[in-house]
Amino acid sequence: DAEGSSTDDLEQRAYQAYEDQDWPQASRLIAQAIALAPDQAGLYRLKAYIAAATGDDAGVLSAAEQALQRDPGDAESLQLRGSARARAGDAQGALADYAAALQAGWHTSGFFRNYLYVLNQQQANARMLEVHAAYEDAYRRDPEGTGLHPDIPFHAAQAYQHLGQPRRALDLLDQAIAQSPQVAGYYGNRALAQHALGRSSQSLADDARAMQLDPTEPLYPFNRGVTRFDLGDAAGALQDFKAALALGKDDADTWLNIGVVEERLGRTREALAAYDRALAKAPGNAKALTNRLSLLGKAGKGDAAAVAAQAASLPTENQAQLLFNQGQAQTRAGQWQAAADLFAQAVRLDPGLDTAWLNLGVAQARLGQHQRALDTFNDYIQRAPLKTLGLLNRANVLHELGDHGAAEQDLLRAAQLEPGNLDIQQRLATHYSR
């Protein structure tokens with residue numbers, strides 16, 4: 001049916017068939033057009049689009065290559081080839097094509113979404129932020145031509161999360177949810193950002209919403225269990241960890257957390273069994289071994305010399321964790337001086353163990369060493385400025401030292417970080433009633 005038809009006419013008819021999703025007709029017409037004008041890059045580009053619509057990645061690669069031989073700077077063909085390469089597992093080839101397409105001026109939201117997706121798979125966080133900035137610039141210049149896609153702020157948020165910037169991640173996840181409020185992964189990742197910012201109540205709410213939207217994903221109850229445990233709800237945490245286990249997260253991390261919760265609940269036998277399960281899943285898991293050795297020592301189980309020898313063989317950071325665990329046991333027994341000594345040893349071994357700094361300050365405050373506690377909380381807040389626990393504990397010490405104005409500033413900052421926390425609001429009310 002090509003007799004008497006021009007190349008332009010065949011191309012238009014092929015495009016219309018493509019729009020009508022009549023792939024066989026579109027393929028026939030574009031082949032006829034190419035036979036008449038084999039040097040036109042645009043015809044091969046349309047052929048690549050038709051191949052992409054039918055899932056023929058080999059056809060996409062072949063047609064895009066033909067287009068790029070005729071026009072090496074064709075942005076559309078570059079992004080088409082990049083996506084086909086990404087689907088074939090050639091991430092580096094895909095990223096090279098996407099970079100060239102961006103340089104050539106291609107700026108649709110679907111393109112940016114695919115580019116960021118591949119970068120996220122490669123954990124190329126810095127490049128993700130550069131590409132996201134390019135998207136924002138393109139959208140400012142041409143909002144209609146660029147368009148929106150909720151995965152764009154979602155992937156950029158993950159880069160910020162990996163780089164330790166949860167506040168920026170939270171802002172971007174808010175954007176993703178505003179654009180598409182029914183995606184469980186957006187809420188699950190926002191829960192992680194909320195948790196990193198110390199906003200426990202908001203984190204729990206986001207995990208609950210994620211679980212409603214996707215009740216089969218084990219990470220959501222697992223992450224909620226971590227938050228519940230941080231809030232002191234050991235029973236709720238155990239329920240969530242077991243739910244994650246039932247959904248298929250049968251790994252060392254889950255069993256390690258179950259062991260920690262069982263230990264907090266005072267169930268030594270169950271905790272040891274969970275640590276053993278964690279070590280069976282990952283024999284080199286230093287944290288599971290650390291916790292197990294710590295529990296054996298506290299429970300008076302096993303040969304003390306053998307336990308000590310195993311502990312001495314651990315990496316430095318795990319020896320510090322072992323001292324921290326022992327300090328927590330002394331805390332629960334009300335032995336504050338012994339606890340402070342152990343926490344101090346832990347931070348000397350591993351200055352990056354933030355929770356040991358926090359607990360050292362608490363122990364010093366309980367011993368009436370308020371100035372020393374203030375210095376310790378200052379160190380902790382410098383390391384973890386977004387954690388409300390540090391601010392609340394420092395506020396308590398500042399009250400004891402008579403600096404009520406500075407205490408008020410810490411309480412207000414904590415309320416700003418976690419506006420839904422009723423305990424913080426109560427502490428503020430108590431402060432103003434002094």
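These legends describe close-up views of a predicted model.

**View 1. Helices α23 and α24 pack against each other.** Two packed helices are described by the angle between their axes and the distance between the axes. Helix α23 covers residues 370-383, and helix α24 covers residues 388-400. Their axes come within 9 Å and cross at roughly 155 degrees. Angles over 145 degrees count as roughly antiparallel, so α23 and α24 are roughly antiparallel to each other. The crossing of α23 past α24 is left-handed.

**View 2. Residues meet where α23 contacts α24.** From α23 come His-370, Ala-373, Leu-374, Phe-377, Asn-378, Tyr-380 and Ile-381. From α24 come Gly-390, Leu-391, Asn-393, Arg-394, Val-397, Leu-398 and Glu-400. By class, this contact has eight nonpolar, four polar and two charged residues.

**View 3. The largest pocket has a volume of about 1,800 Å³.** Its lining has 49 residues. Closest to the pocket's centre are Phe-229, Asp-230, Gln-328, Thr-355 and Leu-389. Helix α16 (residues 252-264) gives the most to this lining, with seven residues. The lining divides into 21 nonpolar, 16 polar and 12 charged residues.

**View 4. The second largest pocket has a volume of about 170 Å³.** Phe-154, Gly-185, Gly-188, Asn-189, Leu-192, Glu-217, Leu-219, Tyr-220 and Asn-223 line this pocket. Helices α12 (184-196) and α14 (219-230) each supply at least two lining residues. Helix α12 gives the most, with four. By class, the lining has four nonpolar, four polar and one charged.

Key: Residues numbered from 1 in each chain as written. Predicted model: local features only at pLDDT ≥ 70, side-chain atom pairs only at ≥ 80, totals over all residues. Heavy atoms only, no water. Axes fitted to C-alpha atoms, helices over the stretch in contact; angles between N-to-C directions. Parallel < 35°, antiparallel > 145°, perpendicular 65-115°, else oblique. Left-handed = near helix turned anticlockwise from the far one by under 90°. Contact = heavy atoms within 4.5 Å. Nonpolar A, V, L, I, M, F, W, Y, C, P; charged D, E, K, R; others polar. 1 Å grid on protein atoms, 1.4 Å probe; cavity = no way out; pocket = protein on both sides within 12 Å on 5 of 7 lines; lining within 4 Å. Points joined across faces, edges and corners; volume = space filled by probe spheres on them.
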